[in-house]
Amino acid sequence: MFRVLANELRHVVDFDFVALFLYDQVTNKIQNAVLETLQGPEFLIPSDFPAEDTITWWVYHHQEPVLLSSQDKDVRFPRVMELHKYYGVESACVLPLTTAYRRLGSLSFGGRQPNAYSSDEVRYLCLVADQVALAVDNALRQDELRRQKAHFEKLFELAPEAIVLRDINNRVLRANQEFTKLFGFTVEEALGRNINDLICPGGSLKESEALRLALKSGERVDAELVRRRKDGSHLDVSFVAAPVSVDGSTPEIYGIYRDITERKQAEEALRRSEAYLSEGQRLSHTGSWARSVSTGDVFFSHESFRIYGLDPETKVTLDTVLSRVHPDDRSSFVEKVQKGIREACDYEDRYRIIREDGSIRHIHVLAHPVKNAAGNLVEFVGTHMDVTEQHLSRKALEDALVEINSLKEQLFHENVALRQEIEETSMFEEIVGKSSALQKVLKELETVGPTNSTVLIYGETGTGKELIARAIHNLSSRRSNAFVKVNCAAIPTGLLESELFGHEKGAFTGAISQRIGRFELAHHGTVFLDEIGEVPLELQPKLLRVLQEKEFERLGSSRTQLTDARLIAATNRDLSEMVAEQKFRSDLFYRLNVFPLYVPALRERPEDVPLLVRHFAELFSRRIGKAIHTIPPETMNALMRYDWPGNVRELQNVIERAVILSTRGALRVSMAELNAKGNAAPRSKEPVAQTRKRIRASVPPLDRDQVLQALQESGGRVGGADGAAARLGLKRTTLIAHLKRLAIDPQTVVKQS
């Protein structure tokens, strides 16, 4: 075609060659597309010639023709001029090849004579160039279409999916080889057949018709379907189809089928696995999570959302989790997270969370770092388990263990107390004596024993006050429960409160475990406080509270404990004097002195000495394994004459020593040693009866008028032989206590009188 054009143009315009050059802007290359030479050698541009140095490049970009009259007159294109000289080209006319849609290159005319082209010829050739541009553009497009069609045909056959071209009524127009592999029908078997008859199961016709109507209306279809093979088996396919119309022709349907059976099976297996995992997490209260180190975004499994009480639609971040953590555990939580990131290591944590409803859950977390190929930390993955039930169970077990230990300790103390009672009462298996003084005590004991009243036992050291207290306990309804003894004088002041009321672990230095107090140990039993006068003043209000309210608190605890323990107290001191001297609280004294009971000293009942001697001699002889058959009269007389300042306890020790030293079955006591003891022991200056009377008299009940009258008669003097105290039969200190209680000033009384 180009040659014919060149011959026709030769009749109108003079030229020796005409060439068509195409410029590819993407590659920046000039292509010698077509060349017709009428005279002389061919004019070619070398392949390595720079495009920017060519006239075609300039014309392409400026869209203006270039007219060269002579080789020597143009300096714009020096390298092209060298080519012109080489090929003997004197003049040239280069025109842009451009259509309304795109630029193509240039149409060049060359002559071997200078000034070969006039202005009119240039205008004419521009028109020719426009027509040539259209023809070249059409030729290029046709060539491109042919290549695309060939490429499409190749793709159609080589595509990994089954492709079917059908008309709007579902008749197969074309199919590729993958269609045969997928469904089993050859291309020949499929052509002209309705696609539904080939691959659509009987129950899917309605679905297939809905898809056909959607495609007919111009919609694009993307669906997952179940289809049938030639052998009758079914398979899962993804189906993508769209109507295609060329130049307004009747639309045809291009459909692509892809076998997704394995994917569906994998998805089903994954769904089952996820269901099993979800159920396993639900049953074990264990959720899984992942946290991005760079963004802080957190992935939660369904169980994790349930554990934290969050909506599954919630976007979870590290701050979201932190907001749920108990305020007391947040600093530890943040420290563990930061340490894990800093050291890129596994970590474990335990903390509490507070959910929206206010409930507190206990969480156990395990975390594992994940690194990329470069060894950089990317994220953490792990689990968090709701261990609230385990925590509550453990707490219940711990509480049960504490209670068991408490009961165990109580049983231990009861056993200790019982062993102590057995050991300490081994010398007093029964109350021995027949004196009237002792019989009076026993009668009072029988009277008060069955009651729950507090008893205060007076008596010198060694008279058997504890034995009397045990007898009272054994006569009461509490005899089946513990009898707990506390010697207030034998326990350091700082530890007496702990001994009486108990303490919690850590209540003070050395309190390494919880301890049950004696009042708690004696619940429903009896507490015997020996040497009650030694209780310090600061502890007496608590003791008074136990007596009045039957309640107390252990050291280090704010929990109030209740006790139903009967109190029996004993003392060898004059508590009324101690009250007057403000060494003992009067309210506690009155509360203790409900039923005072005086135990006579051994010197007040000498007729009981022979009975006690025989009792102890028999007891110790049996224990030591030495027979004592007789007690000489001189020994018995000496023992009866002795004053016994140590009372029954001293007698017991003397007899034990005598049994050890005696020989030949006769009890022998060293008279010299006994006399030495008698001389060394201090004697009471007051008669026993007076002592007893003073103790049992307690604090005399005085009214204000009696005190005022005595002060007036004594001229305001309190002490002295003629003082008010002597007139009232009181000690000076006792009267002073009454004056303070009654708010009486002796000097004011004298002035007023």
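**View 1. Asp 564 is partly exposed, with a relative accessible area of 27%.** Here "buried" means under 20% relative accessible area, "exposed" over 50%, and "partly exposed" in between (1.4 Å probe, protein chains only). This is a predicted model, in which local features need pLDDT of at least 70 and side-chain atom pairs count only at pLDDT 80 or more, while totals for chains, interfaces and linings use all residues. Residues are numbered from 1 along each chain as its sequence is written, and side-chain values use heavy atoms, leaving out hydrogens and water. Asp 564 forms a salt bridge with Arg 478, with 3.0 Å between the closest N and O atoms; a salt bridge is a side-chain nitrogen of Lys or Arg within 4 Å of a carboxyl oxygen of Asp or Glu. The two partners come from distant parts of the chain, 86 residues apart: Asp 564 sits in the loop between β22 (560-562) and β23, and Arg 478 in the loop between α15 and β17. Helices (H or I, at least four residues) and strands (E, at least two) are DSSP runs, numbered from the N terminus. Arg 478 counts as buried, at 7% relative accessibility.

**View 2. Arg 554 and Glu 520 meet through their side chains in a salt bridge.** The distance from N to O is 2.7 Å. Arg 554 is in the loop between β21 (551-553) and β22, and Glu 520 is in helix α17 (residues 518-521), so this pair ties together parts that are 34 residues apart in sequence. Arg 554 counts as buried at 8% relative accessibility, and Glu 520 is buried too, at 16%.

**View 3. Asp 587 and Arg 585 form another salt bridge, at 2.8 Å from N to O.** Asp 587 is partly exposed at 28% relative accessibility, and so is Arg 585, with a relative accessible area of 32%. In total, the structure holds 44 salt bridges. Elsewhere, Glu 224, Arg 263, Lys 264 and Glu 267 are linked in a network of them.

**View 4. Five strands make an open, parallel sheet.** Read across, the order is β17-β20-β23-β16-β24. At the edges are β17 (483-487) and β24 (595-598), each pairing on one side only. Two strands pair if DSSP finds at least two bridges between them. From one strand to the next, the twist averages 20 degrees; axes are lines fitted to C-alpha atoms, for helices over the stretch in contact, and angles run from 0 to 180 degrees between N-to-C directions. Five bridges join β17 to β20 (residues 526-530), and Val 486 has Leu 529 as its bridge partner in β20. Helix α15 (residues 465-475) lies across β16, β17, β20, β23 and β24, at about 155 degrees to β16; contact means heavy atoms within 4.5 Å.

**View 5. Gly 464 lies in the loop between β16 and α15.** Gly 464 counts as buried, at 16% relative accessibility.

**View 6. Trp 644 has a positive phi of about 50 degrees although it is not a glycine.** Look for Trp 644 in the loop between α22 (633-641) and α23. At 1% relative accessibility, Trp 644 counts as buried. Glu 531, not a glycine either, has a positive phi of about 55 degrees. The loop between β20 and α18 (540-549) holds Glu 531, which is buried at 15% relative accessibility.

**View 7. An open sheet of five strands shows antiparallel pairing.** The strands follow the order β12-β11-β15-β14-β13, with β12 (298-300) and β13 (347-354) at the edges. Neighbouring strands are turned by 25 degrees against each other on average, direction ignored. Helix α12 (residues 330-343) packs on the sheet and touches β11, β13 and β15. Seven bridges join β11 (residues 286-292) to β15 (residues 377-386); for Gly 287, the partner in β15 is His 384.

**View 8. Strand β4 (residues 91-98) is largely enclosed by the rest of the structure, because seven of its eight residues are buried.** Three bridges join antiparallel β3 (residues 66-68) to β4, with Leu 67 partnered by Cys 93. Eight bridges join β4 to β5 (residues 103-111), also running antiparallel. A hairpin of four residues leads from β4 to β5.
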